[in-house]
Amino acid sequence: MLHQIVDDFVREQREHVSLLESKLHQTKSEFIDFQDQIEKIASENKEVEAKFNLMQSNIEMCAIRIERGGDMTIADCRVRSADSSGVCAGPLARVWIQDSIVEGCGMHGVVAHNGGQVKMTSSVVRHCKGHGVYSVYCDRDYSSDAHAALSVGHELVRTGGMPTQSFGKPAVYAESCSLHTNLLNGVMACHGGGARLVDCSIASNSRHGVQSAGEDSLVSLDRTCVSANGGAGLHVIEQSSCSARDSSLLANRAEGLKVDGMHTEVQMKGGSIAHNSKQGVHVMGGSMAALHGMEVASNNHSNFLVQVKVIGMCCVTFSYSARRWWGFKRDWNV
């Protein structure tokens, strides 16, 4: 009887030890998987950091560079830079480009980054191998000038290691300008950049006419025509915003207006979206679009019945006044 009790006890302990060993192996396996995930995330972070560093170095290579409170007027000039960008406005800098041509640049035509402000009037940006106009945050760290300081108002601000959002939003204001035949977008606002276009023409760029991407990025169009670009006329993605008034998106090789991504918003009032190769309006990814008094017609060469395409749980509002309105068919894929 005693032997039986001992055997049962030993067997139970062995089973318990075996269960603990199994759980230990499972925990080790989960720990190894967790380590692999950490290494993967670290690798991805290094890749992202490398991309931002590359972006920073690309931006700062330019023919004319203004930053740290600099103020410059470029009038009746022709700017070329075979290997780099044309004009670059950095932190706290202000540049006014008037009656000038920026062309043939190896990178972007006009750049505003990390709080830089650019005002363009009656000027042309063309034949650049990057974006025509580029407004962007790139989190510049003045690591090489760790002891440098800037006076903002009455407050002394140390720049070493400081995030560039402290300098304010980068912005480009363009009026009566032509941005055409650039290898990427005519206008690109990303990572919190901004651009306002008034009475401008954005045409024949290889990618999109105007693109807004990334949180807090904002583009505004007034009486502006975006036409004959290789991608969408207006491409708004990744939590950015866009507003347009009395503007036209015409004869682009993809959609007239494409909106994609949660918390991405577009508002358009007046104007027309016509003769684009794909849908006039394509809304997807949980984004929001509101169009008032718009004429949407003769888009989507493969199927004229589908002028507006909505995919997923999006919020789309259409309204009209006395303007001519063409019907559309919604293509749902929820």
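**Strands, sheet and a surface patch**

Hi everyone, let's start at one end of a sheet: β1 and strand β4 (residues 85–89) run parallel and are joined by four bridges. If you want a pair to look at on screen, Cys62 sits opposite Ser85 in β4. Do keep in mind that this is a predicted model.

Now zoom out. Those two strands belong to an open sheet of ten strands, paired in parallel, and the order reads β1-β4-β7-β10-β15-β18-β21-β23-β25-β28. Its edge strands are β1 (62–66) and β28 (308–311), each of which pairs on one side only. From one strand to the next, the twist averages 10 degrees.

Next, let me take you to strand β19, residues 218–222. What does β19 pair with? Strand β16 (residues 194–198) pairs with β19 in the parallel sense, over five bridges, and there Arg196 stands opposite Ser220 in β19. Strand β22 (residues 241–250) also runs parallel to β19, joined to it by five bridges. In that pairing, Leu218 has Ser241 of β22 as its bridge partner. And is β19 enclosed or open? Four of its five residues are buried, so the rest of the structure largely encloses this strand.

Last stop, the surface. Phe31, Phe34 and Ile38 make a nonpolar patch of about 310 Å² there. Ile38 is found in helix α1, which covers residues 2–60.

Notes. Residues are numbered from 1 along each chain as its sequence is written. This is a predicted model: local features need pLDDT of at least 70, side-chain atom pairs count only at pLDDT 80 or more; totals for chains, interfaces and linings use all residues. Side-chain values use heavy atoms; hydrogens and water are left out. Patches are made of residues with over 30% relative accessible area and no salt bridge: like charges are joined within 9 Å, nonpolar side chains (Val, Leu, Ile, Met, Phe, Trp, Tyr) within 5 Å. Accessible areas come from the Shrake-Rupley method with a 1.4 Å probe; for residues, only the protein chains shown count as cover. A salt bridge is a side-chain nitrogen of Lys or Arg within 4 Å of a carboxyl oxygen of Asp or Glu. Two strands pair if DSSP finds at least two bridges between them. Axes are lines fitted to C-alpha atoms, for helices over the stretch in contact, and angles run from 0 to 180 degrees between N-to-C directions. Buried means under 20% relative accessible area, exposed over 50%, partly exposed in between (1.4 Å probe, protein chains only).
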